Amino acid sequence: MDPPAHGSYGNLLFDPRWKAKRNEIISRDKGCCVICKGTDEIQVHHRQYQYVKAMKGFKVPWDYPDYLMITLCKSCHQRGHSKFKVPVLII
Ligand SMILES: [Zn+2]
Ligand SMILES: [Zn+2]
């Protein structure tokens, strides 16, 4: 079966657990985009989404191993999403 498309995280991105995880990833990546080293409008990107069959839904954004998250600036992030589709792992 194909998982549904991953939508935006919406309000989950305002959750303090995401803010904490996001800060952790950004400081691991020294506060700059891993592609261009820019620091403008830094965002954290998921390299994979995980769909949990038992929950019939995607994991919450902070519940991923650190290596699946990288720091990107807004323009590299948008460029990445327009070129590549984030793979979905069904677990
Ligand atoms: Zn960048
Ligand atoms: Zn992304």
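Let's call a residue buried when its relative accessible area is under 20%, exposed when over 50%, and partly exposed in between (1.4 Å probe, protein chains only). What you have here is a predicted model, where local features need pLDDT of at least 70, side-chain atom pairs count only at pLDDT 80 or more, and totals for chains, interfaces and linings use all residues. Residues are numbered from 1 along each chain as its sequence is written, ligands are numbered from 1 in the order in which they are written, and side-chain values use heavy atoms, with hydrogens and water left out.

Start with Asp29, which sits in the loop between α1 and β1. Asp29 counts as buried because its relative accessibility is 14%. Setting aside residues up to four places away in sequence, Asp29 touches Val34, Ile70 and Thr71 (contact means heavy atoms within 4.5 Å).

Now for the zinc ion (ligand 1): its protein donors are the SG atoms of Cys33, Cys36, Cys73 and Cys76, 2.3 to 2.4 Å away. Donors here are N, O and S atoms within 2.8 Å of the metal (3.2 Å for Na, K and Ca); water is not among the atoms, so sites may look incomplete. Angles among the four donor atoms run from 104 to 119°, making the site tetrahedral (all angles between 85 and 135 degrees). Along the sequence, the donor residues follow the spacing C-x2-C-x36-C-x2-C. Cys73 and Cys76 are both buried.

Finally, take Tyr64. Beyond its neighbours within four places in sequence, Tyr64 contacts Tyr9, Lys21, His46, Gln48, Tyr49, Gln50, Lys59 and Met69.

Notes: Tetrahedral: all angles 85-135°; square planar, octahedral: opposite > 155°, others 65-115°. Helix = DSSP H or I, 4+ residues; strand = E, 2+ residues; numbered from the N terminus.
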